[in-house]
Amino acid sequence: MKFQVLDIIPHLKNPVTGAIVSTADRLNQVVRTAQRAEELGYDSFSVGERHAGEFISSSPTTVLAAIAAVTSRIRLQSGVTVLSVLDPVRVAEDYATIDQLSRGRLELVIGKGNEVLQYPLFGLDLEDQWDLLAEKYGLLRRLWTEENVTWTGRFRSALTEPTITTPRPFAGAPRVWHGSATTLTSAALAAKWGDPLFTANAIQPRENYQVLIDHYREEYERYGHDPRHQYLGSGSGAGGVFIADTTQEAKKQFGRNVPGNNSPFRDIHHAVAEGPALVGSPEQVADKILRYHEVYAHDLQSISLPTILPFEQQLDILERFALEVIPKVRAAAPTSLWEPGDPFGGRPESAGATEPDAAAAVSADHENYRSDHAHVYAH
């Protein structure tokens, strides 16, 4: 299994002391956390995007660019890029710039977001959110894989003149994952294109997310895509990972009785026992990830830090997780993600840049698989 650190950059007061770090300090903490994650051997670092609420992640491209400048190996992801409210031309340009700055380390995670207030903020109708996402992703794919693009759609002005976005990505189009939290729609969109799926796995019981994952796998097979590229990522529960010497102590120190808004869990004991929250001793956290892996068969595990804690304590948790949890899980749950069998494994310069156009290689694999297995191809 591979491991990601995700920060959606909440900017919250400590519930006990009432203290809150400055905006500048909080943003710099994100960059410093990414640096430390790279030092500790994490595989990727992801920055969220929110345009409402107590978050300061409205410009993830800026933060990812800052991280790209001070790291050299760790992959950079978004979590999620709220493509429904954005202009695909601008997304193509901004993220290709990060891809160039990081020399091929970018992988996008797209979604419609879970904050309803952002739609009127951008002059859009919430009822169109899924249609917006599907149309804009179709255009983004073309902008990254084609030159001289002309295009007509429903939600933005047409590209009547042949269009080439610049800069171009570092080595062909970056891989795109699809974030999935509550409906089958995002899972179906990922399956349609043969892309990986990232399940939020945030505040609901495991079975709720399993429905979305199963739908993704069924649709992926129905479209006839090469199963070698059917990767799955998983979140780790709202509130952030919390590790202590014992699970009892971790629950006590966690500081939140029921993590996450609209949580169905009665209290922290219920959330840890039956929900995705990774709160406990290193041994129990590792065992829980592996129990989820038995059901999800996921390749990438995402964690978030409890950012209301003092920053040094956050880094201590990051280190303990790297040293005491990751080795056990990696040994028990191998994956081909970002390994030699994955065309995107060699895409970054830091990984050898052995595949000059990983996206084209994956598309060719899908076409070849459909040719060999015509009975599963959805016409």
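Helices (H or I, at least four residues) and strands (E, at least two) are DSSP runs, numbered from the N terminus.

## The model

This is a predicted model: local features need pLDDT of at least 70, side-chain atom pairs count only at pLDDT 80 or more, and totals for chains, interfaces and linings use all residues. Residues are numbered from 1 along each chain as its sequence is written, and side-chain values use heavy atoms, with hydrogens and water left out.

## The second largest pocket

A pocket is an open set of points on a 1 Å grid over the protein atoms alone, with protein on both sides within 12 Å along at least five of seven lines. Its lining residues have an atom within 4 Å of a point. Grid points are joined across faces, edges and corners, and a volume is the space filled by probe spheres set on the points.

The second largest pocket holds about 420 Å³ of space. It is lined by 23 residues, and R141, W193, D195, A359 and S363 are the closest to its centre. Which helices supply at least two residues each to this lining? They are α5, α6 (184–193) and α12 (358–372). Helix α12 gives the largest share, 6 residues.

The lining has 12 nonpolar, 6 polar and 5 charged residues. Here Ala, Val, Leu, Ile, Met, Phe, Trp, Tyr, Cys and Pro count as nonpolar, Asp, Glu, Lys and Arg as charged, and the others, Gly among them, as polar.

## The cavities

A cavity is a set of grid points where a 1.4 Å probe fits but cannot get out. The model has 2 cavities of 30 Å³ or more. The largest cavity has a volume of about 50 Å³.

Its lining includes N201, S234, P276 and Q301. By class, this lining has 4 nonpolar, 5 polar and 1 charged residue. Helix α10 (residues 282–296) gives the most to it, with 3 residues.

Most residues other than glycine have a negative phi, and most peptide bonds are trans. The peptide bond from G79 to V80 is cis, with omega near -5°. V80 lies in the loop between β3 (75–78) and β4 (81–82). Another cis bond joins T166 and P167, with omega about -5°. P167 is in the loop between β7 (159–163) and β8 (176–180).

N148 is not a glycine, yet its phi is positive, about 55°. N148 sits in the loop between α5 (129–145) and β6 (149–151). A297 also has a positive phi, near 55°. A297 lies in the loop between α10 and β13 (300–303).
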